[in-house]
Amino acid sequence: QVQLVESGGGLVQAGGSLRLSCATSGRIFSSTEMGWFRQAPGKEREFVAAMRWNGSNTRYAAYVKGRFTISKDNANNTVYLQMNSLKPEDTAVYYCAAQDIYGRSYSSWGQGTQVTVSS
């Protein structure tokens, strides 16, 4: 079982930046996909960004591409989401997630961290 703990959320003005962290523990395979998702009030959870644990296959949702960057620190097994040029519509609870060993679905989720962007 993989455990995920997010941190780094907060309140920021439009145009500002935040870096979210996802501390991981448990067994994660090199091919495991790690993802960031978000859920705004009254909306469904949506995909933001993902990458494989080995650093390959990085991909982004169109609405964050060019502004957000997913990365991983191998020394401390932490996945990051650097968010630049934030917009009020980026306001949401952000979740870190890991796929199962078969790569079929996201089976492990963190508790989420709130990001609020003021206009």
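Leaving aside neighbours within four places in sequence, which residues is V64 in contact with? They are R38 and V48, where contact means heavy atoms within 4.5 Å. This is a predicted model, so to speak: local features need pLDDT of at least 70, side-chain atom pairs count only at pLDDT 80 or more, and totals for chains, interfaces and linings use all residues. Residues are numbered from 1 along each chain as its sequence is written, and side-chain values use heavy atoms, with hydrogens and water left out.

**Overall fold**

- You're looking at 11 strands and 0 helices, counting DSSP runs numbered from the N terminus (strands are E, at least two residues; helices are H or I, at least four).
- The radius of gyration, taken over C-alpha atoms, is 13 Å, close to the 14 Å from the globule rule for 119 residues, so the protein is as compact as a globular protein of that length. That rule is 2.2 Å times the number of residues to the power 0.38.
- Along the principal axes, the C-alpha trace spans about 40 × 30 × 25 Å.
- Of the contacts with a separation of 6 or more, 52% join residues 24 or more positions apart.

**Surface and charge**

- The accessible surface is about 6200 Å², with 46% of it on carbon and sulfur atoms (Shrake-Rupley method, 1.4 Å probe; for residues, only the protein chains shown count as cover).
- There are 12 positive and 8 negative charges, and their mean positions sit 4 Å apart. Lys and Arg count as positive, Asp and Glu as negative, while His and the chain ends are not counted; the charges are placed at NZ of Lys, CZ of Arg, CG of Asp or CD of Glu.

**Core**

- Buried residues make up 45% of the 119 (buried is under 20% relative accessible area, exposed over 50%, partly exposed in between; 1.4 Å probe, protein chains only).
- The largest nonpolar core has 33 residues, and M34, W36, V48, F68, L81, M83 and Y94 touch the most other members. Such a core is a set of buried Ala, Val, Leu, Ile, Met, Phe, Trp, Tyr and Cys residues joined through side-chain atoms within 4.5 Å.
- Strands that each supply at least two residues of this core include β4 (33–39), β5 (46–52) and β9 (92–99).

**Two loop residues**

- V64 lies in the loop between β6 (59–60) and β7, and is buried at 0% relative accessible area.
- R45 is in the loop between β4 and β5, partly exposed at 36%.
- Beyond four places in sequence, R45 is in contact with F37, R38, Q39, Y95 and W109.
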